[in-house]
Amino acid sequence: MKYFLAIIGGGPAGYTAAEKASKAGKDVVLFEQSALGGTCLNVGCIPTKSLLYGAKQYFNATHAQKYGVTAENVAFDFSAMQKRKTIVVRKLVAGIKQRLNNEHCTVVNGVAYPRPLPEGKGEGFIISCNEAEYEAENLMICTGSTNFVPPIPGIKDNPAIWDSTDALAAAELPKSIIIVGGGVIGMEFATLYHELGVPVTVIEAMPTILPNLDPEVVQILLEKYKKAGINILTSTKVEKIEGNEVSVSSPSLQGGDGGRLAAERILVSVGRRANLLGLEALNDIELERGAIKIDEFCKTNLPNVYACGDVTGKIMLAHVASRQAEVAVGRMLKEIPLQRIAYNAIPSVVYTNPEIASVGITEAQAESMSIPVEVKKLPMTFSGRFMAENEGETGLCKMIVDAKNHSVLGVHCIGNPCSEFISAASFAVRNGYTVPEFRQVVFPHPTVSEILHEIL
């Protein structure tokens with residue numbers, strides 16, 4: 001049997017593509033070497049958020065007096081949190097299996113190795129998996145990414161070292177932890193451990209944590225976390241690791257020189273890299289900064305070969321992967337009009353406490369692009385709902401507006417639950433709303449989302 005589409009990788013890009021193509025009546029084969037759902041569902045977004053929500057419940061209970069509530073003998077059971085996390089993941093994986101369970105979609109569990117059809121046999125691909133071969137007209141690579149291991153002496157074969165997968169699988173909380181990397185993954189784990197009472201030190205080589213986000217928004221989180229007792233060292237380089245001790249050079253330490261820090265566990269979370277394993281036979285595929293280069297429709301330089309998700313190195317977010325898959329399959333199916341991805345309007349969220357949510361460009365990015373902008377900003381306390389539910393918090397909402405045509409270019413917020421309304425700002429950026437046009441949008445009252453109207 002010759003399939004219309006072969007997909008390697010069953011993460012958000014892979015299963016979205018499989019569902020869309022099979023619903024269109026096309027025969028699809030999807031290869032996944034582990035579990036459907038990919039990194040996000042199994043060892044990333046979902047398990048992390050499950051644990052973070054449990055930690056937030058405990059944290060809120062221990063601080064309930066702010067709302068006139070007295071809670072005595074508050075405790076948590078980490079093993080129960082882990083059990084609940086596992087149940088959530090299993091249910092969602094089963095849901096994906098059910099969605100793909102139709103006569104047009106074949107799911108194969110195993111490592112897949114694609115290669116072009118022999119010369120003279122036409123365009124198409126042979127995919128070898130589990131000693132069987134499958135032929136397909138189109139190939140989509142959704143092999144995701146892997147944790148990047150920096151070349152720091154002492155990391156390899158060190159039992160004190162964790163990556164994010166190890167941390168999520170741990171049966172017990174560490175007594176203390178050092179987190180190498182103050183990006184999104186590092187700061188979310190810092191939040192989790194801090195709220196469960198674990199002493200946390202974050203080491204970041206850049207001058208600030210979350211360096212890709214709006215600096216003013218990040219500064220609010222940084223000051224709060226430092227005040228709460230999280231030890232955050234920026235502009236700090238890890239020189240080596242010996243057992244559970246980390247040698248660093250840092251201006252933040254006494255004397256501005258070096259020092260040694262120790263903790264029971266050391267979590268290394270310095271980013272992820274495209275996973276190209278198994279693609280060796282596609283040796284002519286074009287790469288860019290270690291990832292597969294794609295065009296606006298997720299096509300590679302090879303005929304009938306597409307790539308979606310983290311392996312493209314574009315924006316390593318699950319919702320980006322899903323959207324890329326929709327666009328790529330739409331291109332294969334010759335859907336009219338052909339849609340493109342609006343990378344300028346991709347919302348992102350950091351699930352710290354408080355949350356950070358953003359879409360579009362920052363002030364600094366506008367300046368680097370020579371775009372004159374007007375910056376509108378308000379404390380989140382201008383929202384009545386925010387005041388009612390976030391005692392002692394101020395938060396911030398910033399809007400970046402083109403000074404010439406008054407279109408909304410970016411929105412950046414810190415404050416709970418900004419993750420739930422950043423999509424409204426994404427619509428505005430995606431569709432090029434001007435400030436007068438966005439003012440016509442009616443937000444329900446009382447909601448925190450009203451801050452988007454107040455700021456206008």
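The points below describe selected helices, sheets, cores and individual residues of this predicted model.

1. Helix H4. This helix covers residues 78-99, 22 residues in total, and reaches 32 Å from its first C-alpha to its last, close to the 32 Å expected at 1.5 Å a residue. Its buried residues are Phe78, Met81, Gln82, Lys85, Val89, Val93 and Ile96. They cover an arc of only 105 degrees around the axis, which puts them on the same side of H4. The spacing is in keeping with a general rule: an α-helix has 3.6 residues a turn, so residues three or four places apart point the same way.

2. Surroundings of H4. The buried residues of this helix pack against four helices, namely H1 (12-23), H2 (38-43), H3 (45-62) and H5 (164-169). On the face turned away from the buried side, H4 carries the exposed residues Lys83, Arg90, Lys91 and Gln98.

3. Helix H7. The 14 residues of H7 (residues 215-228) should span 20 Å at 1.5 Å a residue, and the end C-alpha atoms are 20 Å apart, which agrees. Buried in this helix are Val217, Val218, Leu221, Leu222 and Tyr225. They cover an arc of only 135 degrees around the axis, which puts them on the same side of H7. The partners against which these buried residues pack are H6, E11, E21, strand E23 (396-402) and strand E24 (408-414).

4. All five residues of E2 (residues 28-32) are buried. Val28, Leu30 and Glu32 point one way from the strand, whereas Val29 and Phe31 point the other way. In a regular strand the side chains alternate between the two faces of the sheet. E2 runs parallel to strand E1 (residues 2-8), to which it is joined by four bridges. Within this pairing, isoleucine 8 has phenylalanine 31 as its bridge partner in E2.

5. Nonpolar cores. The largest nonpolar core has 55 residues, and those with the most contacts inside it are Leu5, Ile7, Phe31, Met140 and Ile141. Leaving aside its neighbours within four places in sequence, phenylalanine 31 is in contact with Ala6, Ile7, Ile8, Gly9, Gly10, Val108, Gly110, Ala112, Ile127, Cys129 and Tyr134.

6. The parallel sheet. Five strands form an open sheet in the order E8-E15-E9-E10-E11, with parallel pairing. Strand E8 (161-162) and strand E11 (231-233) stand at the edges with a single partner strand each, so one side of each is left without a neighbour in the sheet. Between strand E9 (residues 177-180) and strand E15 (residues 265-268) there are four bridges, in the parallel sense. Here valine 180 stands opposite valine 268 in E15. Helix H6 (residues 184-195) packs on this sheet, where it touches E8, E9, strand E10 (200-203), E11 and E15. The direction of H6 makes about 170 degrees with that of E10.

7. The antiparallel sheet. A further open sheet consists of three strands in the order E12-E13-E14, and its pairing is antiparallel. Strand E12 (237-242) and strand E14 (258-262) are at the edges, each with a single partner strand, so one side of each is left without a neighbour in the sheet. Neighbouring strands of this sheet are turned by 25 degrees against each other on average, direction ignored. Five bridges pair E12 with strand E13 (residues 245-249) in the antiparallel sense. Valine 238 stands opposite valine 248 in E13.

8. Threonine 362. This residue is placed in the loop between strand E21 (356-360) and helix H9 (363-368). Is threonine 362 buried or exposed? Threonine 362 is buried, with a relative accessible area of 6%. Its contacts, apart from neighbours within four places in sequence, are Leu213, Asp214, Ile400 and His412.

9. Isoleucine 455. The segment after helix H13 (451-454) contains isoleucine 455. At 6% relative accessibility, this residue counts as buried. The C-alpha atoms of isoleucine 455 and proline 379 are separated by 9.2 Å, although the two residues are 76 residues apart along the chain. Leaving aside its neighbours within four places in sequence, isoleucine 455 is in contact with Lys376, Lys377, Leu378, Cys397, Lys398 and Met399.

Technical notes
Residues are numbered from 1 along each chain as its sequence is written. This is a predicted model: local features need pLDDT of at least 70, side-chain atom pairs count only at pLDDT 80 or more; totals for chains, interfaces and linings use all residues. Side-chain values use heavy atoms; hydrogens and water are left out. Helices (H or I, at least four residues) and strands (E, at least two) are DSSP runs, numbered from the N terminus. The expected span of a helix is 1.5 Å times one less than its number of residues. Buried means under 20% relative accessible area, exposed over 50%, partly exposed in between (1.4 Å probe, protein chains only). The arc is that of the directions from the helix axis to the C-beta atoms. Contact means heavy atoms within 4.5 Å. A nonpolar core is a set of buried Ala, Val, Leu, Ile, Met, Phe, Trp, Tyr and Cys residues joined through side-chain atoms within 4.5 Å. Two strands pair if DSSP finds at least two bridges between them. Axes are lines fitted to C-alpha atoms, for helices over the stretch in contact, and angles run from 0 to 180 degrees between N-to-C directions.
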